[in-house]
Amino acid sequence: MAEKILVTGANGQIGTVLCAELRKIYGKDQVLASDIKRASEKNEPYIFLDILNEQRLREVIDDHGITQVYHLAAILSANGEWNPMKTWNINLNGLLSILNLAKEHHIKKIFFPSTIAVFGNTTPKVNTAQHVPLLPETVYGISKVSGEMWCNYYYNRYGVDVRSLRYPGIISHQSIPAGGTTDYAVEIFHGIIKDNDYECFLDADTALPMMYIPDAIRATIELMEAPKEHIKVRTSYNLSAMSFTPAEIFEEIQKEYPDATIKYEPDFRQAIAEAWSSSIDDSEARNDWDWKHEYDLKALAEDMIRHIKPMYE
Ligand code: AKB
């Protein structure tokens with residue numbers, strides 16, 4: 001049977017690129033984008049779908065014969081702090097509806113994005129291993145730890161084939177992310193290419209795990225296409241490519257923009273970043289389903305500049 005894929009939160013930073021890539025593999029009409037934001041012509045076929053409307057979600061899944069769901073809809077770390085209850089509701093209840101539909105055999109496979117925000121001040125920060133204490137400081141992190149546990153429970157109890165990655169900060173040129181703590185690493189390119197200057201909301205030496213979007217999309221699809229018996233972690237896999245600080249990415253961009261300037265004005269996001277890991281050990285992903293990243297900081301910076309420069313010419 002042909003796969004029919006639903007992507008929720010499809011207009012977000014990962015969703016737009018993921019839909020395009022899935023359509024290359026499965027065909028345009030086999031990938032249905034959904035979001036509560038305005039449809040974009042580039043992301044057709046598209047439907048409006050509020051993931052909290054369980055009845056409508058069930059209808060969409062049945063009417064379109066959906067076999068896989070990439071459930072990306074979520075509120076991120078920084079925005080989540082402005083409205084904790086709304087964040088909990090959106091980030092967890094949508095997932096539970098989808099897990100229940102899968103349990104009733106409406107869906108074969110689910111992807112759930114987790115994050116480095118599951119780590120907290122009690123987690124060892126350097127080369128953080130797969131199985132460590134998880135005591136997150138943000139409501140976003142709490143919702144993702146809980147989501148990971150529900151995924152593990154539905155797999156063990158009902159056999160629901162749900163797979164998950166703990167994404168590091170994702171850097172992309174296709175859209176400007178909103179509401180995250182790692183967003184500075186995208187904004188900095190736009191700031192410097194446009195104005196030769198950037199005001200950073202994190203301190204110069206705050207190291208965080210990061211990944212370029214082509215690697216993140218490939219990891220997601222490779223995880224989903226891996227044989228079921230290779231998937232040993234049913235909470236969420238650690239995933240890693242590189243780690244850098246604001247000062248290090250600025251230095252890399254300065255190779256192209258030597259006169260650029262930066263100011264560091266840390267705000268509430270500094271405390272969020274400080275509770276996260278500075279680097280990740282993702283050896284279980286590398287061993288179980290052969291994960292390998294391609295982009296390092298240099299390759300990422302060159303490619304970002306190549307794509308963003310024409311936007312301001
Ligand atoms: C955020 O900063 O909130 C996200 C994430 C690391 O999950 N980019």
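Helices (H or I, at least four residues) and strands (E, at least two) are DSSP runs, numbered from the N terminus. The peptide bond that joins Glu-44 and Pro-45 is cis, with omega at about -5°.

Before we go on, a word about the model: it is predicted, so local features need pLDDT of at least 70 and side-chain atom pairs count only at pLDDT 80 or more, while totals for chains, interfaces and linings use all residues. Residues are numbered from 1 along each chain as its sequence is written, and side-chain values use heavy atoms, with hydrogens and water left out.

Most residues other than glycine have a negative phi, and most peptide bonds are trans. Against that background, a few other places deserve a look. Asn-127, in the loop between β5 (109-115) and α5 (139-158), has a positive phi near 50°. Asp-290, in the loop between α10 and α11, has a positive phi too, near 70°.

Next, follow helix α4 (residues 84-103). The expected span of a helix is 1.5 Å times one less than its number of residues. The 20 residues of α4 should therefore span 28 Å, and its end C-alpha atoms are 28 Å apart, which agrees. Its buried residues (under 20% relative accessible area, where over 50% is exposed and anything in between is partly exposed, with a 1.4 Å probe and protein chains only) include Ile-90, Leu-95 and Leu-99. Just after α4 comes His-105, with a positive phi of about 70°.

Helix α6 (residues 184-195) can be checked in the same manner: its 12 residues should span 16 Å, and its end C-alpha atoms are 15 Å apart, which agrees. How many residues of α6 are buried? Nine of the 12 are, so the helix is mostly covered. Among them are Tyr-184, Phe-189 and His-190. After α6 comes Asn-196, whose phi is positive, near 60°.

Now turn to the ligand. Around the ligand you will find Leu-76, Ser-77, Thr-115, Ile-116, Tyr-140, Gly-180, Thr-181, Thr-182 and Trp-276, where a residue counts as near if one of its heavy atoms lies within 4 Å. An oxygen atom of the ligand is 2.7 Å from an N or O atom in the side chain of Tyr-140. Thr-181 takes part through its backbone, with a polar atom 2.6 Å from an oxygen atom of the ligand. For Thr-182, an N or O atom of the side chain is 2.9 Å from a nitrogen atom of the ligand. Taken alone the ligand exposes 250 Å², and the protein buries 94% of that; such areas come from the Shrake-Rupley method with a 1.4 Å probe, and for residues only the protein chains shown count as cover.

Asp-303 lies in helix α11 (residues 297-308). Is Asp-303 buried or exposed? Its relative accessibility is 13%, so Asp-303 counts as buried. Its side chain is joined to that of Tyr-212 by a polar contact of 2.8 Å. A polar contact is a pair of N or O atoms within 3.5 Å; within protein, one must be able to donate a hydrogen and the other to accept it, and residues adjacent in sequence count only if both atoms are side-chain atoms. Asp-281 sits in the loop between α9 (269-275) and α10 (283-289). With a relative accessible area of 28%, Asp-281 is partly exposed.
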